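Here is a short report for a first look at this structure. Keep the 3D view open as you read.

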Amino acid sequence: MGATITAVGHYAPEKKLTNKDFEKMVDTNDEWISTRTGIKERRILSKEKGTSYMAVRAAKAALAQRNISAEELDLIIVATVTPDRFVPGTAPYVQGELGANNCWGYDINGGCSGFICAVATATQFIESGKYKKVMVIGADKMSAIVDYEDRNTCILFGDAAGAVLLEPSNGDGFGVDDFMLHMDGIGQEYLYIKAGGSRLPASHETVDQRLHYLYQDGKPVFKFAVSGMTDVAKRLLDKHDLTVKDLKLLIPHQANMRIIDAVASRLGLEPDQVMINIHSYGNTTAATIPMAMSEAYQQGRLKKGDRAMMVAFGAGFIWGGILFQWAFD
């Protein structure tokens, strides 16, 4: 029994934070941001709302597309690095607001690769025959952990959520073909939040030193991201005797336009084979891939039978890819 994506949905807050807005906040300008990142604007969730607010709305969009009730769900997996609270996870909040009374769930913290980790996990739950309807959500409120005095990181991130429903395939060959996931602990030195965990709990001192914000060393992250995503894409294609010509669409993590361009170039992909929406949303961490997938479907760029691939790279370092065939029009 295989697993297939049967519905997709996304949610982005209405409030926009443009590059022009940043010119009033830090020492930067629209041209500098655009040329180095490809980002023009990003969405920001209001301060009183948490990640679950967006996750619920993305899940509702997927349920509505599939025309099923939340009570039919067996499992909810939420990929996020910005849970509503440290304890409990975000999944219980999502389950409660959805009214998904017959399922259980949990969170996955895989950084920017969290969504593909969650899809890979959901796929195996379905393949085992244990569950039939699994909602996978990638959602992050990055505005809650970004230092808006640090011009190197604050310009990159936004808030959003995306969701997909996975179910058993009907034997037509459409669905998840394969996945590859990797990790290298060297990444802990280049992308992290220093304080707030058990190693360095929150204190007056950690707050004063601004240690609860995301830190990123851009150059090594860029290098590892390009090589990691390119390598996993090539190996997935080779394993299944496919070439880039067989790929209708690559859906990469939307971290930086230069990273996306470098990966596409190394793979030899044409521009219309790569889904890009970073200009509108920035890096929404676990939400970037399901957001891009949902928009690609809405734009008619994913149709039944199309073979596609999602690839991501994130903190840890954790990276990987999922090869799949789209199952519906």
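## Terms and model

Two strands pair if DSSP finds at least two bridges between them. Helices (H or I, at least four residues) and strands (E, at least two) are DSSP runs, numbered from the N terminus.

This is a predicted model: local features need pLDDT of at least 70, side-chain atom pairs count only at pLDDT 80 or more, and totals for chains, interfaces and linings use all residues. Residues are numbered from 1 along each chain as its sequence is written, and side-chain values use heavy atoms, with hydrogens and water left out.

## The four-stranded sheet

Aspartate 178 stands opposite leucine 323 in β13. The strands β8 and β13 run antiparallel and are joined by 8 bridges. They belong to an open sheet of 4 strands, ordered β8-β13-β12-β11, with mixed pairing. β8 (175–183) and β11 stand at the edges with a single partner strand each, so one side of each has no neighbour in the sheet.

Helix α11 (residues 288–298) lies across β11, β12 and β13. Its direction is at about 145° to β11. Axes are lines fitted to C-alpha atoms, for helices over the stretch in contact, and angles run from 0 to 180 degrees between N-to-C directions.

## Helix α9

Which residues of helix α9 are buried? In α9 (residues 257–267) they are Met257, Ile259, Ile260, Ala262, Val263, Ala264 and Leu267. Buried means under 20% relative accessible area, exposed over 50%, partly exposed in between (1.4 Å probe, protein chains only). These buried residues pack against α2 (30–37), α8 (218–239), β11 (249–252) and α10 (278–281). Contact here means heavy atoms within 4.5 Å.

Just after α9, glycine 268 takes a positive phi of about 80°.

## Nonpolar cores

A nonpolar core is a set of buried Ala, Val, Leu, Ile, Met, Phe, Trp, Tyr and Cys residues joined through side-chain atoms within 4.5 Å. The largest has 45 residues, and Leu250, Leu269 and Met309 touch the most other members. α8, α9, β12 (307–314) and β13 (318–325) each supply at least two of its residues. The largest share, 8 residues, comes from α8.

Leucine 250 has contacts that include Val263, Leu267, Leu269 and Met309, leaving out residues up to four places away in sequence. A second, separate core has 37 residues, among them Ile126, Leu249, Ile322 and Phe328.

## Threonine 4

Threonine 4 is found in strand β1 (residues 3–11). Threonine 4 is buried, with a relative accessible area of 6%. Residues it touches include Leu165, Phe174, Val176 and Gln325, not counting those up to four places away in sequence.
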